[in-house]
Amino acid sequence: MNRATLKKYRLLFIATVLLWLKTYIVYKTSFDIEIESWKQEFILFINPLSFLLFVFGFSLFMKEKARNRYIVIMSFLITVLLYVNVMFYRFFNDFITLPVLFQTSNMGDLGNSVFELFQFSDLLMFVDVAFLTWLVWKKPSFVPFEPIAKKERHAYFLALVVVALLNLGLAETERPELLTRTFDRKMLVKNIGMYNYLVYDAVLQSKSKAQRALADSSELADIENYIRANEKAPNKELFGIAKNRNVIIVSMESLQSFVINNKVNGQEITPFLNDFIKQSYYFDNLYHQTGQGKTSDAEFLIENSLYPLGRGAVFFTHATNEYNATPEILKKHGYYTAVFHANNKSFWNRDIMYQSLGYDRYFSLTDFDVNEENSVGWGLKDKYFFEQSLQYLKTLQQPFYTKFITLTNHFPFELEEEDRLIPEYTSDDRTVNRYFPTVRYMDESLKAFIEGLKKEGLYDNSIIILYGDHYGISENHNEAMAQYLGKEKITPFDHIQLQRVPLIIHIPGVTDKHPEVISKVSGQIDVKPTILHLLGIDTKDDIHFGQDLFAKDKMEFVVLRDGSFITKDYIYKDNICYDKKTGLKTDMSHCEPYMEKAKQELDYSDKIVYGDLLRFYND
């Protein structure tokens, strides 16, 4: 291209360079992208370019007025997309995917969280859009608005292809088979860029929709063989020990294990749970395995013993699939099944998904009396939620299987002064500071709930299961967490250990006589077969990836949705193997025997969900 030709592209190049540099600055300031070499830094720097050149390149086919308008509008829309990712990352420490991006039905419930995450400096992200608007309006002489010839367009798109191939080629040399690592979004964004990742995600979305149409029953054979080969026999002493009892499950919002038996400002954070554990089976080495669906993913894991998806939430993307969930199984054994959650019935698509899981009744927002006095943050306070739920619970046909989803201990962890039973922590991080009082409030609400069960005569003939659904404090708050835990910093090893969530199984008349702390490495995926075996229900014909937590030869192996895994002695994260005794990096050979198994389990579970394979198995 000669100088005169390049001059014609000036507005396009200005828009591209401004957005390119802005994206790189956001990469470095808003996202935690680990860079280990100059080559990785260079890839990170160039990876937005091919997408931006491609998008703005369409303007070359337009007349002047439309071209200018298109460049400004696309610059604004891409900036919005970048900003949405920044907001999403601030809370979830993850990059957004198309299924999550289009979960617009949830937006109305996210107001408080979004306001909490907003920073006034965010407005700077739109300065370049304002500048482009001014250029198009004023039309200064240094930005000519001239038509582009056909040959000039060809040269432009040829240059675009060269940039894209350079980026992809360097990325492949840095991380071979990069595009097969669909579960590792950070790796993909680091190498192909945030914008190109969304294009790639769109391809995956199309592929997943085609998977169901092309699936057939033969795909279940290998999966079933794998499951049968890894199945562990239930503990004979405990099998059926809770037969015909009511089942009461409580999802404890955002509760991580580090608060159990711990204090803040000299006061116990969870005094009730600390005592309840002494009358229960307590699993102190159990990890949450949720993905982008968070609480809904935890529900999916607990009741199906399948892994959540690496992109989006099963509750949204595959709510009408055929499942063989715990509620549906128990209905066949005479149980009435109900779920209690004081939120809009359509939030996270629960009204559809709960039907697929086999629930008889969903007690949602319209079933509760919610007003300004008894609600905070995301809705009805836990204390009032349990009080009102008990009035419904005592009318249900028995035996029943019920699940309760709490709300108060949800980001941004808001709580009125009169409900704070302990003071906030004192650090420079408001989120971490406010976490402890809302945990304490939930703990007190659980105490009142258990007392209510006793008062209503529902306690003695029940099995009560309390579980933490996912983390409450993300990696973005590591500095304050290091301060609280008395560490210099939170390492990747520490981060994995902070993904442990409490699981408490309480059987009146049994566990209060013989309580036990069980420290086997385990995950939420193990809960379904455990519950069914305690109720005396055989699972040898069920498709699930978990193992009975009480099985004497249970394998100590947990796979997280991002491909990380934990064994008895080692932790694998971000292609690094850690020794659990020291918390330090160790030789990869210790983790290699488990790497294929971790990938295989995630792949098999994804095949079941994407292909809706259980429709063939159940038939």
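The second largest pocket holds about 760 Å³ of space. This is a predicted model, in which local features need pLDDT of at least 70 and side-chain atom pairs count only at pLDDT 80 or more, while totals for chains, interfaces and linings use all residues. Residues are numbered from 1 along each chain as its sequence is written, and side-chain values use heavy atoms, with hydrogens and water left out.

**Second largest pocket**

- Rolling a probe the size of a water molecule over the atoms shows where empty space is left.
- On a 1 Å grid over the protein atoms alone, a cavity is a set of points where a 1.4 Å probe fits but cannot get out, and a pocket is an open set with protein on both sides within 12 Å along at least five of seven lines; lining residues have an atom within 4 Å of a point.
- Grid points are joined across faces, edges and corners, and a volume is the space filled by probe spheres set on the points.
- The lining of the second largest pocket consists of 28 residues, and Thr 29, Ser 30, Arg 90, Leu 117 and Gln 119 are those nearest its centre.
- At least two lining residues come from each of α2, α5 (64–92), α7 (111–117), α8, α19 (430–455) and α20 (478–485); helices are DSSP runs of H or I with at least four residues, strands are runs of E with at least two, and both are numbered from the N terminus.
- Helix α2 gives the largest share of this lining, six residues.
- By class, the lining has 10 nonpolar, nine polar and nine charged residues; Ala, Val, Leu, Ile, Met, Phe, Trp, Tyr, Cys and Pro count as nonpolar, Asp, Glu, Lys and Arg as charged, and the others, Gly among them, as polar.

**Helices α2 and α8**

- The axes of α2 (residues 10–30) and α8 (residues 127–138) come within 10 Å and cross at roughly 170°; axes are lines fitted to C-alpha atoms, for helices over the stretch in contact, and angles run from 0 to 180 degrees between N-to-C directions.
- The two helices, α2 and α8, are therefore roughly antiparallel to each other, a term used for angles over 145 degrees, whereas those under 35 count as roughly parallel, 65 to 115 as roughly perpendicular and the rest as oblique.
- In this contact (heavy atoms within 4.5 Å), Leu 11, Ile 14, Ala 15, Leu 18, Leu 19 and Lys 22 of α2 meet Asp 128, Val 129, Phe 131, Leu 132, Leu 135 and Val 136 of α8.
- The contact residues of α2 and α8 are 10 nonpolar, no polar and two charged.

**Sheet of eight strands**

- Eight strands form an open sheet with mixed pairing, in the order β7-β6-β10-β1-β11-β12-β4-β13; two strands pair if DSSP finds at least two bridges between them.
- β7 (361–363) and β13 (516–518) are at the edges with a single partner strand each, so one side of each has no neighbour in the sheet.
- From one strand to the next, the twist averages 15°.
- Strand β6 (residues 336–340) runs parallel to β7 and is joined to β7 by three bridges; Ala 338 stands opposite Arg 361 in β7.
- Helix α14 (residues 295–304) lies across β1 (246–252), β10 and β11 (462–468), at about 155° to β10.
- Helix α22 (residues 527–534) also packs on the sheet, touching β1, β11 and β12 (503–506), and its direction makes about 5° with that of β12.

**Sheet of four strands**

- The order of this open sheet of four strands is β15-β16-β17-β18, and the pairing is antiparallel.
- Its edges are β15 (557–559) and β18 (576–579), each with a single partner strand, so one side of each is left without a neighbour in the sheet.
- Four bridges join β17 (residues 570–573) to β18, where Cys 577 is the bridge partner of Tyr 572.
- Helix α23 (residues 592–611) lies across β15, β16 (565–567) and β17, and runs at about 50° to β15.

**Largest cavity**

- There are four cavities of 30 Å³ or more, and the largest cavity has a volume of about 200 Å³.
- The largest cavity is lined by 20 residues, with Asp 526, Phe 545, Gly 546, Gln 547 and Glu 601 nearest its centre.
- α12 (220–230), β15 and α23 each supply at least two residues of this lining.

**Backbone details**

- Most residues other than glycine have a negative phi, and most peptide bonds are trans.
- Gln 398 and Pro 399 are joined by a cis peptide bond with omega about 0°, and Pro 399 lies in the loop between α18 (382–393) and β10 (400–405).
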